[in-house]
Amino acid sequence: MAKFSPLMIAPPMIFGGFVLLAAVGMFREDPDSLPSAREGQPAPPVVMTEFPGKTGFDDATLRDGQVKLVNYWASWCAPCRAEHPSLEALSEQGIPVYGVNYKDSQNNASAFLDELGDPYAGIGRDEQGRMALDWGVYGVPETYVIAGDGTIVLRFAGPITQRVIDSTIRPALEKAAGN
């Protein structure tokens with residue numbers, strides 16, 4: 001008679017666990033979005049290094065009664081370059097966009113803005129990425145819609161495109177304005 005080992009059950013159990021995990025992920029409301037524990041909560045503290053020659057922003061700015069965007073970006077980030085015209089368009093439409101330069105060198109960040117333009121109403125540098133950790137940033141670019149009272153209404157991971165503006169950002173801005 002063949003000897004039975006409990007370890008023989010382990011591979012099918014592990015495979016079943018992966019199948020269950022994949023099924024849960026596939027049947028979420030929006031399987032492409034990254035969940036954010038910060039939505040509906042106050043924005044974490046703004047703790048940044050000054051961006052020389054630029055206007056900064058702070059906690060009070062996020063709670064000034066005006067709806068705004070906070071955008072994490074870096075010069076070394078190709079999707080950040082791709083989304084830049086969309087941020088400029090939003091800024092030109094009167095939507096305040098605040099920038100957080102993430103783990104970047106001052107010279108490269110300045111060259112990026114000199115080349116592509118500066119859509120930011122205020123900007124600072126998160127050289128070590130500590131502020132980004134508090135905000136729950138996975139990677140750049142990430143953009144947050146902030147209500148006038150400083151509440152995070154939406155976190156969008158990835159480059160902002162016109163399609164994203166129409167389908168995601170504008171509805172969040174309208175929701176934030178209604179708070």
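Author: The buried residues of helix 6 are Val164, Ile165, Ile169, Ala172, Leu173 and Ala176. Buried means under 20% relative accessible area, exposed over 50%, and partly exposed in between, with a 1.4 Å probe and protein chains only. Helices (H or I, at least four residues) and strands (E, at least two) are DSSP runs, numbered from the N terminus. An α-helix has 3.6 residues a turn, so residues three or four places apart point the same way.

This is a predicted model: local features need pLDDT of at least 70, side-chain atom pairs count only at pLDDT 80 or more, and totals for chains, interfaces and linings use all residues. Residues are numbered from 1 along each chain as its sequence is written, and side-chain values use heavy atoms, with hydrogens and water left out.

What covers these buried residues? The cover includes strand 2, helix 3, strand 5 and strand 6. Contact here means heavy atoms within 4.5 Å.

Now the helix itself. Helix 6 has 17 residues. From first C-alpha to last it reaches 23 Å, close to the 24 Å expected at 1.5 Å a residue. That expected span is 1.5 Å times one less than the number of residues. Helix 6 also bends, by about 40° at isoleucine 169. The bend is the angle between axes fitted to the seven residues ending there and the seven starting there. Proline 171 follows within four residues.

Next, the core. A nonpolar core is a set of buried Ala, Val, Leu, Ile, Met, Phe, Trp, Tyr and Cys residues joined through side-chain atoms within 4.5 Å. The largest one has 45 residues. Val70, Tyr72, Trp73, Trp135, Val145 and Ile169 touch the most other members. Helix 6 gives the largest share, six residues. Valine 70 has contacts beyond its neighbours within four places in sequence, including Leu62, Trp135 and Ile146.

Six strands form an open sheet in the order 1-4-3-2-5-6, with mixed pairing. Strands pair if DSSP finds at least two bridges between them. Strand 1 (49–50) and strand 6 (152–157) stand at the edges with a single partner strand each, so one side of each is left without a neighbour in the sheet. Strand 2 (residues 68–73) and strand 3 (residues 97–102) run parallel, joined by five bridges. Asparagine 71 has glycine 99 in strand 3 as its bridge partner.
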